[in-house]
Amino acid sequence: GEPNSAMPLLEDCLKLRLALHDDSDIEKVACVLNCLGAAWGQLGDSQKAADCFRECLRICDKIYGEDVPHPLTASALNSLGTALQESNTRLALNYKERSLALFRRIHGSLPHVDTANALHALGTFLFVEFQDVSRAISYLEEALQIFTVLQEDDPFHLDTERVEEDLLNLKAFAIAKKMIACNET
C-alpha cells in the first residue's frame with residue numbers, strides 16, 4: 001500500500017502491541033516491526049528500516065532460535081539485506097544469503113514464491129553490486145524455474161516475466177562482455 005498513510009497506523013499498532021504484549025503476543029510485535037521496516041524502506045529511510053528489521057530479528061531469535069527456519073526470520077533477513085545494500089554491501093550479501101538458506105530449509109524442494117523471490121533478489125544484487133555474472137545467472141535461472149512451475153497455477157504471474165527479462169538482460173550483458181574481451185586481444 002501507501003507507506004505514508006500506513007506509517008502512523010503501523011506506529012500506533014506497534015505502541016499498542018508493546019504496551020499490551022505478553023510473551024504470547026511477542027510474535028505480533030515482530031510482524032509489526034517487519035511491516036514498519038518495509039514502510040520505512042519504501043520511504044527511503046534505510047537506517048530506520050534496518051533498525052526495525054534488526055529488532056524484528058532479535059525477537060525472532062528469542063522466539064524461534066537463531067537462524068531456525070521460520071518465514072518471518074527469513075523475510076526479515078532479506079529485508080535487512082536490502083536496507084543495508086547501499087551502506088554495507090558485504091553485510092547485505094550475508095543477510096540475503098542467510099535468508100535464501102532459510103527459505104530453502106523451510107520449503108525444501110517444493111517450488112515456493114518466497115524461495116523464488118529470494119533467488120531473484122540475491123541474483124540481481126550479486127550482479128549490480130559485485131558484477132558476479134555467473135552466480136547471478138544461476139540464481140535467476142533457478143528463480144525462473146520455480147516461477148514457471150508456479151505459473152501453471154497462475155498463468156499471469158508477473159514475477160515470471162520480470163525474472164525472464166532480468167535473465168535475458170544479464171545473458172546479453174555476459175555475451176557483450178565476452179565480445180569486448182575478444183576484441184581487446
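A residue is called buried under 20% relative accessible area, exposed over 50% and partly exposed in between (1.4 Å probe, protein chains only). By that rule Ser99 is buried, because its relative accessible area is 0%. This is a predicted model, in which local features need pLDDT of at least 70 and side-chain atom pairs count only at pLDDT 80 or more, while totals for chains, interfaces and linings use all residues. Residues are numbered from 1 along each chain as its sequence is written, and side-chain values use heavy atoms, without hydrogens and water.

Ser99 lies in helix 5; helices are DSSP runs of H or I with at least four residues, numbered from the N terminus. The side chain of Ser99 reaches the backbone oxygen of Ala74 at 2.8 Å. Beyond its neighbours within four places in sequence, Ser99 is in contact (heavy atoms within 4.5 Å) with Ala74, Leu77 and Asn78.

Other buried residues of helix 5 include Leu93, Lys96 and Phe103. Among the elements covering the buried residues of helix 5 are helix 4 (71-84), helix 6 (113-130) and helix 7 (133-151). Just after helix 5, Gly108 has a positive phi of about 60°.

Now for the rings. There are two aromatic pairs in the structure, where rings of Phe, Tyr and Trp (its six-membered ring) pair if their centres lie within 6.5 Å, with planes under 30 degrees apart stacked, over 60 edge-to-face and the rest tilted. Phe125 and Phe130 make an edge-to-face pair, 5.8 Å centre to centre with 80° between the planes. Phe125 is buried, because its relative accessibility is 4%.

Methods
Helix = DSSP H or I, 4+ residues; strand = E, 2+ residues; numbered from the N terminus. Polar contact = N/O pair within 3.5 Å; in protein donor to acceptor, adjacent residues only side chain to side chain.
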